[in-house]
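Hi everyone, thanks for making time. Let's have the structure up on the screen before I start.

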Amino acid sequence: MKKLLTLITMMIAIVVNAQVTDEQSAILQVGDNAQIFYGADALKEAMEAAPERGATITLSAGTFNACEITKCVNIYGAGWETIETPKNQENTFENSILPTNIATQMVINLPEGLAAPHDIHIEGLRFSDNSYYWIKVPSAIDGLEFMRCWMPQAIRFEQQNDHVTITQCYMAGSCTGGHDLLIQNSYTRLSQLTVLKAESNIVVNHCIVTNGYNFNSYDNRFLCLNSMFACGWLCKAQTFRYCAINRANLDGYVGSTNNIFNVDYATIFKDQATIDYSDARTFELKDEQKATFIGDDGTEIGINGGNYPWNRTPHTPLVKDLKVTIDGTQMKVTYNAETR
């Protein structure tokens, strides 16, 4: 089912984009105009209706089928976690914020000839835990950012990929074929991180890196900065600088400097005595570590330092009590908007 919305002002269009509805919805916004699509295939329908570039698709909470991304779009969801608001007098939760789930495999496959930069931004999505539904990028791409997403399975690049950033995400599985790639302020449980070619430039900055089985393969060179490592093994193909590491030394690791060794991750955090992930974690350091775990940029080592301290909440506001009514040829929109 499709309905065309012509919104009177740009501000109304932007705010309406953030609504959480009982039925899944996708709002396609191009300039001052917006269309709304409903149902599990709403994302796919919005993508089909979008122009080649310049559109924003905002998804409500709920579960959506993935689509093939073939255009330069921005996609925003409601986030990867359920947030319960304070209880009312009846001792029940009101207006809980639910996640935006992507239930099937997402493929980013841009047509040949689509001019760069592509500048695709994807934020606030929870990708499927199903191991068959990894994120696939078979085409060349220049300009791609994942931000504040739950990415529990693999992401695979198959051709040249430039200006790719992954920011404030949870990552597991593997990330293969990266070329010009920055992973920052993210919690990673990657089993593999591999390069597209020998001259690829991959940087892991202000992250927490756990698991690590085959995380660092001998033929995959990349730079690790200002990050915490609780891995089964590391290897000499990588360079580690200003990192906290749960091992005694990095003897023979050429170019690795200013690291902190023998870190006991059961003793350094204020919130829990472990480095394990949960949605409740802040990973705030104890005062002693805040004073001594200092990175090359003067901020603390780990996901709360750098330019993007750990934050799981998408940029879109929460809209409550949204009502759309028709008065003759006029559409009237009323709402209450709150920051999250």
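Okay, let's begin with Thr176, which is found in strand E17, residues 170-178. Strands here are DSSP runs of at least two residues and helices, H or I, runs of at least four, numbered from the N terminus. Keep in mind that this is a predicted model: local features need pLDDT of at least 70, side-chain atom pairs count only at pLDDT 80 or more, and totals for chains, interfaces and linings use all residues. Residues are numbered from 1 along each chain as its sequence is written, and side-chain values use heavy atoms, with hydrogens and water left out.

So, is Thr176 buried or exposed? Its relative accessibility is 16%, so it counts as buried (under 20% relative accessible area; exposed is over 50%, partly exposed in between, with a 1.4 Å probe and protein chains only). Leaving aside residues up to four places away in sequence, Thr176 touches Ile155, Arg156, Phe157, Gln192 and Thr194, where contact means heavy atoms within 4.5 Å.

Now the rings. There are 13 aromatic pairs in the structure. Rings of Phe, Tyr and Trp (its six-membered ring) pair if their centres lie within 6.5 Å; planes under 30 degrees apart are stacked, over 60 edge-to-face, the rest tilted. Tyr187 and Tyr277 make a tilted pair, 5.3 Å centre to centre with 55 degrees between the planes. Tyr187 is in strand E19 and Tyr277 in the loop between strand E25 and helix H3, so the pair ties together parts 90 residues apart in sequence. Tyr187 is buried at 1%, and Tyr277 is buried at 18%.
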